[in-house]
Amino acid sequence: MKKKFPGLSLALLTIIVIACMASELLMTKDPAYMDLARGDIAPCREFLFGTDAMGRDIFSMIWYGGRVSLLIGFGATLISTVIGILVGSVSGYGPSGIDGVLMRLTDIVLSIPGLLLTVFLQAVLGGADVFRLAVVIGLTGWMSLARVVRTEVLQLKNTDFVLASKCLGGGFFHILRRHLAPNFVASILFMAVMNVRNAIVAESTLSFMGIGLPLEVISWGSMLSLSENAMLSRSWWTVFIPGVFLAATLLCLTNLGNYMRKSISRRHSNL
């Protein structure tokens, strides 16, 4: 049975992304301004989503912090996608010796727990900021994508159009750009969407554990890192509201990724 396109998820995700990218137009206050005298105020007319323990306006923090979380998600996905395409293409297109080395390297990296590898790379690169966190998460999310790209390239490298381009003197990057990538991009598109979700989850997890972005760098993850204090002071809104936006974004990305995966599987089964 054909799966219905998740139009509601796409619309909601689009609204969240646009609102976060244009956060300056929506913010009612400076999201970084701390007014300790007005900490832990429940949602009201002045503070639509309330304030946190440091007196920061959660409504403004949601949009500003969402932009940071989305930038990390998309930035990490861009890095992991580029690495995955290069490793998978070289592995599938190159000699068997190179293929064996790259796949063994991929297996080794896959065998290391993702969170442990992320913490290790973060320690190597130094203090956490938006750029470094995106790089660290991107460097730990390319392996599955590389395997899919390798499989696609192995099926494509002996086709007539690839062999003809090779005989005419086409180099590896020319063949990758003109002949290989256009034919496997649809197969990895859903993985790229899921990598955005995984990167946002990773940033939130690291911040929640206290080893991600510092508190002064506002993101959905750093907002959730205040959950322990929020529970002690019964300031439920400081955790619930960022959690709702994070969960809604992840759910929309999951629905879109699943739709793409099933559409690709249905297309391959009809070939």
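A contact here means heavy atoms within 4.5 Å. In this predicted model, residues 24 or more positions apart account for 70% of the contacts in the chain with a separation of 6 or more.

**Overall architecture**

The chain has 12 helices and zero strands, so that its elements, read from the N terminus on, run α-α-α-α-α-α-α-α-α-α-α-α. The C-alpha trace spans about 75 × 45 × 30 Å along its principal axes. Of the 271 residues, 44% count as buried. The accessible surface of the chain comes to about 13,900 Å², and carbon and sulfur atoms hold 68% of that area.

In soluble globular proteins, nonpolar side chains tend to be buried together. The largest nonpolar core of this chain has 28 residues, and Ile 62 and Trp 220 have the most contacts inside it. Two or more residues of this core come from each of helix 1 (7-21), helix 3 (58-93), helix 9, helix 10 (220-224) and helix 12 (237-270). Helix 12 gives the most, with nine residues. Leaving aside residues up to four places away in sequence, Ile 62 touches Cys 20, Phe 49, Trp 220, Met 223, Ile 241, Pro 242 and Phe 245.

**Surface patch and cysteines**

On the surface, Leu 115, Val 119, Phe 208, Met 209 and Ile 211 form a nonpolar patch, with about 420 Å² of accessible area together. Helix 5 (114-125) and helix 9 (172-209) are the elements that give two or more residues to the patch. Leu 115 lies in helix 5. With a relative accessible area of 40%, Leu 115 is partly exposed because its value falls between the 20% limit for buried residues and the 50% limit for exposed ones.

| Residue | Relative accessible area | Class |
|---|---|---|
| Leu 115 | 40% | partly exposed |
| Cys 44 | 31% | partly exposed |
| Cys 167 | 72% | exposed |

Cys 167 counts as exposed at 72%, since exposed means over 50%. Cys 44, at 31%, is partly exposed. A disulfide is a covalent bond between the sulfur atoms of two cysteines. When a disulfide is taken as a pair of cysteine sulfur atoms within 2.5 Å, the count for this model comes to zero.

Notes: Residues are numbered from 1 along each chain as its sequence is written. This is a predicted model: local features need pLDDT of at least 70, side-chain atom pairs count only at pLDDT 80 or more; totals for chains, interfaces and linings use all residues. Side-chain values use heavy atoms; hydrogens and water are left out. Patches are made of residues with over 30% relative accessible area and no salt bridge: like charges are joined within 9 Å, nonpolar side chains (Val, Leu, Ile, Met, Phe, Trp, Tyr) within 5 Å. Accessible areas come from the Shrake-Rupley method with a 1.4 Å probe; for residues, only the protein chains shown count as cover. A salt bridge is a side-chain nitrogen of Lys or Arg within 4 Å of a carboxyl oxygen of Asp or Glu. Helices (H or I, at least four residues) and strands (E, at least two) are DSSP runs, numbered from the N terminus. Buried means under 20% relative accessible area, exposed over 50%, partly exposed in between (1.4 Å probe, protein chains only). A nonpolar core is a set of buried Ala, Val, Leu, Ile, Met, Phe, Trp, Tyr and Cys residues joined through side-chain atoms within 4.5 Å.
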